[in-house]
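Here is a short briefing for a first look at this structure. Keep the sequence and the 3D view open while reading.

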Amino acid sequence: MAKVVIDGKEYEVNPDNNLLQECLSQGLDLPYFCWHPCMGSVGACRQCAVKQYRDEDDKEGMLVMACMTPASDGTRISIEDEQAKDMRERVIESLMISHPHDCPVCEEGGECHLQDMTLMSGHNYRRYDKQKRTHHNQYLGPFINHEMNRCIACYRCVRFYDDYAGGTDLAAQASHHHVYFGRHEDGVLESEFSGNLVEVCPTGVFTDKAFSENYTRKWDLQTAPSVCAGCSVGCNTTPGERYGTLRRITNRYNSEVNGYFICDRGRFGFDYVNSDSRLRRAVAQVNDEAAEMSDEQVADLLAELKSEGAIGIGSPRSSNEANYALRSLVGEENFYSGMADDERAVSRLILELSRDKAFHSPSIREIEKADAVLVIGEDVTNTAARVALALRQSVRNKASQLATDNNIPVWQDAAVRELAQHERSPLSILSAYATRLDDVASEVIVESYENQAAIANAVAARLSSNAPATAPLSPELQAHVDVISEHLAGARRPLIVSGSSNGQIELVKAAANVARALQDKNEVAIGLCLVQREANSFGLEMLLRAENGLGAALDKLSKGEVKKAIVLENDLYRRASHAAVDAALDNAESLVVLDLLPTRTTAKATHVVPTTAFSEHEATYVNYEGRAQLSYQVHQCKFGAQPAWQWLHSSDVNAIVQECSEEAKGFDKLSTLLPGIDQFVAGMKVPRQTHRYSGRTAEIANLNVHEPKQPQDNNSVLSFSMEGIPALKDASVLGASWSPSWNSNQSISKFQDEINGELKQGDTGRLLVERTESGAYLMPETDTVQVAEGQLLLARSLQIFGSDELSAHATAIQQRATGPYLSLSPEDASRLGISQGDAVSLNGNGAIATACIRSRMKTGTASLYVDDSIDYYALPAAIGPSKSEQQGSDRSLDGLIISDRYEEGY
Amino acid sequence: MFTLIKDTLLSQVVTLWGVFMKLFDKKDTVEYPDEQPYMFPRWRGRIILSRDPDGEERCVACNLCAVACPVDCIALQKGEMEDGRWYPEFFRINFSRCIMCGFCEEACPTNAIQLTPDFEMAEYVRQDMVWEKEDLLIDGTGKYHDYNFYRVAGMEIAGKGKGEAQNEAKPVDVRSLMP
């Protein structure tokens with residue numbers, strides 16, 4: 001700790017940081033643009049000028065940039081000094097010289113950092129009467145709008161997009177006051193994190209295109225703290241609602257999970273909530289006729305099914321409460337997994353490994369700190385994108401180390417990058433195809449699943465003599481093993497990443513073996529990050545008995561052992577071969593399906609019961625670490641849908657959470673997530689609407705001028721109105737952050753106990769599973785797939801835009817999604833007579849995919865991305881693709897972002 | 001005794017006399033509705049939405065009137081025309097709540113919303129006091145005749161490209177090497 005004097009007052013600060021960061025940590029107002037808490041300082045905008053004094057007797061002082069000055073002990077500065085204030089006012093006057101007269105028609109207006117800083121600096125009149133420089137805009141794809149005139153050249157966009165997120169298609173162009181931030185030509189921004197530009201840009205150059213189409217000012221959005229249901233990371237989000245529809249999603253800061261950034265699937269994949277095709281009424285299909293059901297009829301039906309021993313099939317995309325409610329209705333012995341069997345087996349293993357003392361599940365923040373990483377078979381960019389962004393930061397730890405060794409503060413961003421050049425911490429990737437992280441990887445090994453597991457097990461054997469012995473590898477692969485082992489052995493915080501997305505249990509076993517081998521050596525718990533495909537895969541697995549897989553449930557139905565089933569928010573055709581699902585569902589006398597959108601499974605149902613979307617109910621989800629997080633209800637559902645837990649159990653979510661933590665094994669900490677009303681000022685609720693919420697007495701006056709009572713929320717600590725005490729200094733249930741003078745998302749610094757620290761009174765979630773058991777090495781079981789002459793060994797690809805069931809229904813996401821495609825090596829393609837973009841028949845069974853020839857695919861292997869049109873689980877492990885005359889998907893490969901697309905002639 | 005009369009009775013007589021003399025003054029009231037009073041142009045009465053000098057809707061749906069409104073009686077939704085202009089998809093004022101404070105007019109950055117001298121807005125049914133955009137939008141410019149927001153704003157609309165607004169330079173050619 002160091003002592004600095006700011007305007008005559010003494011503060012305790014951290015000397016490793018710069019003055020700007022420490023001023024903000026102390027809650028002082030100091031304007032800035034180019035500095036970002038996650039990206040350090042470059043001193044580009046000159047906005048944070050303060051007066052620094054040599055000592056107590058120095059009355060003159062000198063102007064310095066707070067962001068470029070270390071907060072060393074004894075520093076004396078003044079923010080309020082007239083000269084410093086004058087400098088800041090002049091700087092913003094120059095920055096604003098060409099800023100257009102746009103605020104009323106700018107999506108950023110009302111949450112604009114530039115507006116806030118202009119006001120804070122005191123600039124209010126444009127004295128420069130010459131012409132404003134203007135720019136042409138670019139088309140940047142379905143997510144982002146571009147309005148370059150508004151740019152103040154702070155460089156934050158390229159520093160985030162290129163330096164932080166590893167994008168390659170956004171750059172600063174031209175020079176002096178002509179500087180331009182855009183692509184080399186119009187086109188879709190390729191990065192999976194492009195949506196963060198909206199929040200990173202201090203003004204309205206990059207704005208949310210999907211939001212603009214249903215635009216509402218920030219102050220008019222009804223918000224609540226929520227958790228993203230797009231993948232297993234569980235990023236914290238703030239969805240906003242107006243006039244009954246969900247309008248946008250923004251990042252919500254959680255120091256342990258997502259920090260300041262979320263991926264584009266999470267940000268843009270939500271508008272299925274507003275879809276016209278949502279299921280609206282409970283319907284019974286009697287003799288091919290649909291009859292509406294009342295709430296009582298549904299309750300009677302469920303009670304009847306319960307007494308008749310119906311089975312329940314859960315869902316990894318549903319909350320703990322919904323799954324628990326179904327489990328308690330049908331009984332634990334009748335509650336089955338809704339995951340594909342292969343994926344579910346991995347999920348079970350992940351749950352077992354999560355109890356093992358030898359490992360620990362790193363949070364996103366801990367992943368960023370890893371100094372050597374081995375990724376085994378999991379394409380994290382497409383399955384848990386936020387993990388990929390964290391891995392990108394982990395390779396910079398070498399740079400931080402070099403900087404520290406050379407006495408350069410780590411926040412000196414440009415200096416640290418200059419010093420490190422291309423020095424990176426090791427990141428080794430074993431994958432079936434080239435991934436989006438390869439550009440920062442030290443080792444990229446494209447191999448079949450079997451060889452990936454063999455390499456990983458060889459690494460384990462190399463690291464520890466206790467690990468299972470492995471068969472000798474080819475010299476080429478052995479060389480990789482040597483390098484990877486050396487990297488991991490030399491690291492202080494090694495990390496192993498794998499996951500269940502491919503359904504390959506051998507990969508996860510091998511990952512556990514490598515981590516255990518490291519633990520043998522280091523005697524500390526080793527980071528083992530095992531991601532899953534869906535938001536609550538982990539929570540669902542905790543509720544299940546080991547033997548209750550989906551295959552067992554389908555078997556029981558098709559054999560007629562049970563005649564009735566309840567399926568919770570799950571399209572079973574995505575989980576098993578269509579033949580198996582058909583056999584089971586056709587055999588069921590009574591099939592109740594609860595879901596929010598129509599699926600192939602609801603089409604088979606005898607009774608369809610409509611449920612609410614993630615923003616319409618309160619629920620908890622467990623992420624890949626085993627971290628349970630509470631997601632609050634944002635708005636009410638205006639039609640007959642109810643939360644699944646309400647249909648199945650009771651209407652009080654608090655009671656269900658309470659019961660779940662008492663009854664279900666491993667969930668005992670769940671109820672501690674619920675806030676008590678007594679923790680708020682005078683026991684008053686926290687409003688979901690801002691204090692500036694407008695139009696209350698007019699928004700539904702067209703229907704009836706006599707205003708109804710505000711809807712009440714009896715179960716939650718939040719209210720559906722402006723009434724209550726807003727979270728001004730208390731972040732325990734913070735939706736959209738706001739603080740006086742800070743209307744933009746930068747106001748989050750007012751809620752952090754220090755910059756980048758935890759939120760004051762905030763909740764980072766609870767790690768549910770305790771690590772008490774000690775395990776052993778897992779014996780690899782090699783089950784070599786027989787590949788006939790001419791056949792290709794099949795691996796599975798997933799896509800960030802399209803692989804998730806619900807977000808794939810969102811309009812913005814659909815514009816980025818591709819149809820099914822088969823990745824092939826150029827050698828195999830030419831042997832099979834297939835050229836780029838051809839329709840390919842996969843196995844003669846009618847399944848068609850587009851051929852995508854990739855220069856770095858391994859010969860003899862292929863990788864398939866499927867959408868709902870392909871019966872994936874009916875495909876064998878090796879396929880013989882052939883060129884098809886039939887036209888496949890109408891979506892071409894144009895939107896596909898891969899680095900190794902093969903171009904003939906190159 | 002005389003002091004008592006002087007302090008009480010006399011003052012009443014003087015007051016009565018003063019009131020009596022008012023009978024011969026010029027009247028401030030008029031025989032409304034037979035006779036219409038003169039209303040000052042800046043009188044804060046019925047709210048209208050005006051058009052710019054080119055006849056286009058002035059309102060850009062920025063929501064500032066709605067947020068300035070102390071009784072929250074303005075609700076609207078932003079939409080976007082094919083030509084790039086922002087406009088309100090609906091614009092509703094609940095006049096049964098409106099207090100004619102004029103904050104909306106003060107907040108309006110495009111001079112779209114204006115208060116007019118018309119005060120005859122009584123209705124028998126309260127529901128009829130809810131006015132939609134069709135009821136509010138007039139054909140003229142209202143009190144402010146010359147202002148056209150899009151001539152000043154940097155945003156591109158059909159017929160006005162980048163660099164064609166007032167006081168704007170031609171768009172930069174980023175590929176040029178000239179200083």
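In what order do the five strands of the open sheet in chain A stand? The order is S2-S1-S5-S3-S4, and the pairing is mixed. Keep in mind that this is a predicted model.

- Strand S2 (9–13) and strand S4 (62–65) of chain A stand at the edges. Each has a single partner strand, so one side of each is left without a neighbour in the sheet.
- On average, neighbouring strands of this sheet are turned by 40 degrees against each other, with direction ignored.
- Strand S1 (residues 2–6) and strand S5 (residues 76–78) of chain A run parallel, and two bridges join them.
- In this part of the sheet, A:Ile6 stands opposite A:Ile77 in S5(A).
- Helix H2 (residues 82–95) of chain A lies across strand S3 (49–53), S4 and S5 of chain A. Helix H2 of chain A runs at about 155 degrees to S3(A).

**Domains of chain A**

- The domain assignment of chain A includes domain 1 (2–95) and domain 5 (792–883).
- Other domains are written in several segments, among them domain 2 (108–115 + 132–213) and domain 4 (358–380 + 414–524).
- Domain 3 of chain A is given as 283–341 + 539–629 + 639–649 + 660–666.
- The C-alpha centres of domain 2 and domain 3 of chain A lie 44 Å apart.

**Chain B**

- Chain B has six helices and six strands. Along the sequence, their pattern in chain B is α-α-β-α-β-β-α-β-β-α-α-β.
- Chain B is more spread out than a compact globule, because its radius of gyration is 26 Å, well over the 16 Å that the globule rule gives for 179 residues.
- The C-alpha trace of chain B spans about 105 × 45 × 30 Å along its principal axes.
- In chain B, 31% of the 179 residues count as buried.
- Take the contacts in chain B between residues at least 6 apart in sequence: 70% of them join residues at least 24 apart.

**Where the chains meet**

- Contact between the chains involves 33 residues of chain A and 40 residues of chain B.
- Strand S6 (residues 132–134) of chain A gives the most to the side of chain A that touches chain B, with three residues.
- That side of chain A divides into eleven nonpolar, 14 polar and eight charged residues.
- S6(A) pairs with strand S6 (residues 168–171) of chain B in the parallel sense, over two bridges.
- A:Thr134 stands opposite B:Pro171 in S6(B).

Definitions and conventions: Residues are numbered from 1 along each chain as its sequence is written. Chains are lettered from A and ligands numbered from 1 in the order in which they are written. This is a predicted model: local features need pLDDT of at least 70, side-chain atom pairs count only at pLDDT 80 or more; totals for chains, interfaces and linings use all residues. Two residues are in contact if their C-beta atoms, placed from the backbone, lie within 7 Å. Helices (H or I, at least four residues) and strands (E, at least two) are DSSP runs, numbered from the N terminus. Ala, Val, Leu, Ile, Met, Phe, Trp, Tyr, Cys and Pro count as nonpolar, Asp, Glu, Lys and Arg as charged, and the others, Gly among them, as polar. Two strands pair if DSSP finds at least two bridges between them. Domain bounds come from an automatic or database domain assignment. The radius of gyration is taken over C-alpha atoms; the globule rule is 2.2 Å times the number of residues to the power 0.38. A residue is buried if 20 or more other C-beta atoms lie within 10 Å of its own, exposed if 12 or fewer, and partly exposed in between; C-beta atoms are placed from the backbone. Axes are lines fitted to C-alpha atoms, for helices over the stretch in contact, and angles run from 0 to 180 degrees between N-to-C directions.
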